[in-house]
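Subject: Handover of a structure and its findings

Dear colleague,

Please find below the structure that I am handing over to you.

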Amino acid sequence: MAPVGDTSVAVGGVLSRLPLGSLAMVEKKAGPGGDERRPTPTFAYYRRGVLGERYLSSVGASAVAIAREAGGITILAGKVLRSLFPPSMDWRELVRNLHKMANRSVPIVVLTAFFTGGIMVIQSGIFVKRFNAAGLVGWASGYAVFREIGPILIALMFSGRVGANNTAELGTMTVTEQLDGLRALAIDPIRYLIVPRVVAMMVSLFALVVIGDLIALGGGLLFSKLILGVEYSTFYYSLVDNLTPGDFLHGLIKAAVFGISIALTSCYFGVSVRGGAVGVGRAVNAAVVAAAVSIMLLDFFLTYLLG
Amino acid sequence: MTVRPYIERLGARTLDGVDAGLALWGVFVGTFAGIIRGGRPKGEVVRQLYVIGNKSVVFVAVTLGFIGMVMVYQSCLQLNRVTGDLSQIGPEFLKLLVHDFAPTLTAMMLATRVGAGIAAEVGSMKVTEQIDALRMSGVRPIDYLIVPRFLATVIATVCLTVLGATVAYLMGGLTAAMSFHVNPDIFFDLSRVTPTHLFLGLSKAICYGAAIPIISGFCGLRARGSSEGVGWATTAAVIGSSFAVILIDFIISAFGLTVLGGGL
C-alpha cells in the first residue's frame, strides 16, 4: 500500500496542486497567486469596479476554479475506482458509515417523502377536479414520484444531511493533519476513509429512495382519499395498470448515481480544505452547492440516456 | 436492564424539542419585532441582498434550467405513450411552474446555499462568543444579524423565483421544440395562467423566503462547542429549511386546492 501522493506527483505541476496528490506539498508552498482564496469582495468593491478588466478576470478565475474542481473530482473518482478492483477497503468503516448515513437518515426521508407524495397528489388533483378523472391520480403522482421527484428530493435532503456532515468531518481531519498522520502510519486514506464513504453513500441513497418511494406512495394514497376523495382501489389500479417496474428502476438508477456524485463531491471538498476552521465552513457550503448542481446535471443526462 | 433509560431518553428528547420549539418561536417573533423596531446596520440589507441574491443567480439559473428540460422531456415522453397530443404541454407546464415548481425548487436550492451560509456565519459568531459581545454592548443579535438576512432573503427568493421560472420555461420550450417538434408558438402560450396561480406562487415564495433565514438563523444561534458545533448547525439548517419548504408547499397547495379550487 503505497501512499497516495506517489502516484500523481510524477504527472507534473498541475496535478501536484490537486488534493490528495500531495497535500503536504501544497501546504508548504501555496503557488504564486494560486491557492489562497481571496476574501469575498464587498458590495462597494463591485460598485466601484467598471465592467471590464475586473469583470473579465473574475469570469476567468471562476472558470479556472470550476475546471480545477471538476478535474479534482474526476481524479478522486479514478482513485476510488482503482481501489475497488479488486475491492480492498476498510470493511468496519463501511459498516459504521452505513449505519451513520442510512439508518440515521430514515426519519427525515420518511417525513419528506410522505409530504412529497401529498404534494404530488394535490398537483394532479387539479386535473381530477377539472376533468373528473379520478383514475389519473395514481398514475400521475406515481410517475412523478418514481422517476423524478422521489430521487431528486431525497438526494437533496441526503446531500444536506450526510454530504455536508461528511465534508465537515473530512475537512476537520484535513486541517488538523490527521490525513498526513494516516499516511505516516502507511495507511492509505483513500482506502481507509474515502472508498467506504463512497460505497456507503451509494448504497444508502439507493435504499433510502426505495423506502422513500414507498412512503411517498403511501402518503399519496392517504391524501388522495382525504383531500380528493379518491378511493384506495382506484388509486391502486391506476398505479398498477399504467406504470411498469421500469419506471421504478429508472428512479433507482438515478438514486445510485446521485449517491456516488454526492459522495465524490463531499469527499473532494472535504480533503481539499485549506485555511483552518473557516475553510471547513466554506468547504461545506461549496460541497452542498456542487452536489445540488451535479444532481440536476446528472438527472438531465440520465433522463436522456434511460429514456 | 429496565425500560427506565428509554423513558428517560424519551423525556429528555421531548424537553429538548419543546425547548427548541420555544427558541424558534422566539427568533420568529423577535425577527418581526426587529423589522418594526429598526436598528439594523445601515446598508446591511443591500450587502446581504448581494451575498444572498446576486451570488445565487447562476446557481438557480443552471439548476432550474435543467429541471425545466427534464420535466418537459418526461411529460412529453409519457404523453406520447398515452395520447400523443403535445399541444397542451406548454401552457400546463407554465401553470405548474408558476403556482408550484418554480418557487419550491428555487427555495430548495436556496435552502442549501443560503441556509448553510447563514447558519455557518451566525454559528461561528456564536461559538467565538461574538454574539455575547454584541449583547454586552446592548445590541440585540436578532435585530443586528437575523433581520437584515431575513429581509434580503424574502426579496431575493421572490426575484430568483421569477428568474427560475423564466429560465425553466425557456429551456422547457427548447427541449420540446428540439426533441418532440412542438411548435414554439403553441408552447409559449401564457393565457392559462390566472391571478390565482400568481397569488399562490407569490405567497409560496414569500413564505419560503421567510422560513429559510429564520430557521437557519435559529440553528446558527443554537450552535454549541467549537467548529464541530458549527458543522452540526449548518447541517441542521439545511435539513430544517428544506423540510420547512416541503411542509409549507404542502400546506399552501392544499389550501389552494380546497379553498381556491375553482380558480385552478
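Which residues of the largest nonpolar core touch the most other members? They are Ala155(A) and Ala211(B), in a core of 157 residues. A nonpolar core here is a set of buried Ala, Val, Leu, Ile, Met, Phe, Trp, Tyr and Cys residues joined through C-beta atoms within 7 Å. A residue is buried if 20 or more other C-beta atoms lie within 10 Å of its own, exposed if 12 or fewer, and partly exposed in between, with C-beta atoms placed from the backbone. Helix α8 (residues 137–175) of chain A gives this core its largest share, 21 residues. Helices (H or I, at least four residues) and strands (E, at least two) are DSSP runs, numbered from the N terminus. At least three residues of this core come from each of domain 1 (5–84) and domain 2 (91–306) of chain A; the domain bounds are taken from an automatic or database domain assignment. As general background, nonpolar side chains tend to be buried together in soluble globular proteins.

Before going further, please note how the model is to be read. It is a predicted model, in which local features need pLDDT of at least 70 and side-chain atom pairs count only at pLDDT 80 or more, while totals for chains, interfaces and linings use all residues. Residues are numbered from 1 along each chain as its sequence is written, and chains are lettered from A and ligands numbered from 1 in the order in which they are written.

Confidence

The term pLDDT is the predictor's confidence in each residue, from 0 to 100. Chain A has a mean pLDDT of 79, and 82% of its residues reach 70 or more. Over residues 1–35 of chain A, pLDDT stays under 50. For chain B the average pLDDT is 87, and 98% of the residues score at least 70. For the complex, the predictor gives an ipTM of 0.83 and a pTM of 0.81.

Chain A

Chain A has 13 helices and zero strands. Of its 307 residues, 46% count as buried. Two residues are in contact if their C-beta atoms, placed from the backbone, lie within 7 Å. Leaving out residues up to four places away in sequence, Ala155(A) touches Leu205(A), Ala255(A), Phe258(A), Ile262(A) and Ile295(A).

The contact between the chains

How many residues does each chain bring to the contact? Chain B gives 43 residues and chain A gives 39 residues. On the side of chain B that touches chain A, α2 (44–52), α3 (57–82), α4 (89–127) and α9 (227–258) of chain B give two or more residues. The largest share of that side, 18 residues, is from α9(B). That side divides into 24 nonpolar, 14 polar and five charged residues.

Ile246(B) lies in helix α9 of chain B. Ile246(B) is buried, with 23 other C-beta atoms within 10 Å. Leaving aside neighbours within four places in sequence, Ile246(B) is in contact with Thr112(A), Phe115(A) and Thr116(A). Ile246(B) and Met108(B) are 138 residues apart in sequence and 8.4 Å apart in space, C-alpha to C-alpha.

Two loop residues

Most residues other than glycine have a negative phi. Ala186(A), although not a glycine, has a positive phi of about 60 degrees. Ala186(A) is in the loop between α9 (178–184) and α10 (189–228) of chain A, and counts as exposed with 9 C-beta neighbours inside 10 Å. His181(B), also not a glycine, has a positive phi of about 55 degrees. His181(B) is in the loop between α6 (141–180) and α7 (184–187) of chain B, and counts as exposed with 8 C-beta neighbours inside 10 Å.

Yours sincerely

Technical notes. Ala, Val, Leu, Ile, Met, Phe, Trp, Tyr, Cys and Pro count as nonpolar, Asp, Glu, Lys and Arg as charged, and the others, Gly among them, as polar.
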